[in-house]
Amino acid sequence: MSGDATATGGPGAGGAAGPGAGGLAVLYRGPLASCNYDCPYCPFAKRHDPPDVLAADRAALERFTGWVAATTDVRLSVLFTPWGEGLTRRWYREAMVGLSHLPHVDRVVIQTNLAARVDWLADADPARAALWTTYHPGQVTRERFLARCARLVELGVRFSVGVVGLPEHLDEARALRAALPPHVYLWVNAADGHRYDAAQEAAWTALDPLFGYSVRPHLSLDRPCHAGETAISVRGDGTVRRCHFVDEPIGNLYDGSWRAALRPRTCVNGACDCHIGYVHLKPLGLRDVFAGGLLERIPAGWPPG
Ligand code: SF4
Ligand code: SF4
């Protein structure tokens, strides 16, 4: 999230709206909805995409990366948030590598279960390519997951590691935290529909000091949010929304209408309970907490002290 001011004619030029010096964070999600894992808490577990969906996903991703490459008047950061797992598909790996070498792209990140080998990242620029990884106990051994992490450290690639804060994951999460190098941030997402008493919250907070942000939804109605101003959500067909959680389109990437759509906005939802959303909710100030690692979910100055 660093870089120069927006060039003349770019979004925000001549006014207060738009991404300005901080650039534009673009969260992309195409049609892909398949995954090689079988997590019991996920609707995409072991789902298969038929060949026509995979072809459509690849075409949509290539169109998107073409847009990123051509949009040189804005500093861009990209987070791929596929419904399923992207890095088992060659086109996501190629997108990560290709975008990491573009001078106007500050960061390119993908959410992944880390099942696939990561050696291909040797071709990416480690200053810009990063991973948001999640450990899913029961789907992979801790040793195998840690071996992938060790390879990322060797490659000099920035990454965060997360777990879903289910009670049955706590022992594994503790062992993972103990085995990871201290400089690797471990985040914990509160499990959907799960209530945490004070002792449980304290146990998870001992692993992730920022767990408190995840454990309760953030009231967001009418509150100012960077989404739709300096962060957008993009579908495979180019539909632009302020975020993944508000359905109303505000423009399209491929007809240029996204530029005029960027402006300060307030949230229209009652609450925001997902990190990739509330990290942009202005009153929380989380852009400062995650400065320099906003999309890969690494707090500034980690590890503390
Ligand atoms: S790895 Fe992620 S996408 Fe795949 S089944 Fe598990 S939670 Fe769902
Ligand atoms: S607070 Fe959350 S739901 Fe509301 S606009 Fe921001 S990211 Fe979207």
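Modeller: By class, nine nonpolar, four polar and one charged residues form the shell around ligand 2. Nonpolar means Ala, Val, Leu, Ile, Met, Phe, Trp, Tyr, Cys and Pro, charged means Asp, Glu, Lys and Arg, and the others, Gly among them, are polar. The model is predicted: local features need pLDDT of at least 70 and side-chain atom pairs pLDDT 80 or more, while totals for chains, interfaces and linings use all residues. Residues are numbered from 1 along each chain as its sequence is written, chains are lettered from A and ligands numbered from 1 in the order in which they are written.

Colleague: Which residues are the closest to ligand 2?

Modeller: A residue is near a molecule if its C-beta atom, placed from the backbone, lies within 6 Å of it. Of the 14 residues around ligand 2, the closest are Cys225, Cys243, Cys267, Cys272 and Gly277.

Colleague: Are the residues on the faces of S4 buried or exposed?

Modeller: In a regular strand the side chains alternate between the two faces of the sheet. On one side of S4, Ala129, Leu131 and Thr133 are buried, as are Ala130, Trp132 and Thr134 on the other. Buried requires 20 or more other C-beta atoms within 10 Å of the residue's own, C-beta atoms being placed from the backbone; exposed means 12 or fewer, and partly exposed lies in between.

Colleague: In which sense do S4 and S5 pair?

Modeller: Strands are DSSP runs (E, at least two residues), numbered from the N terminus, and two of them pair if DSSP finds at least two bridges between them. S4 and S5 (residues 158–164) pair in the parallel sense over five bridges, with threonine 133 opposite valine 161.

Notes. Helices (H or I, at least four residues) and strands (E, at least two) are DSSP runs, numbered from the N terminus.
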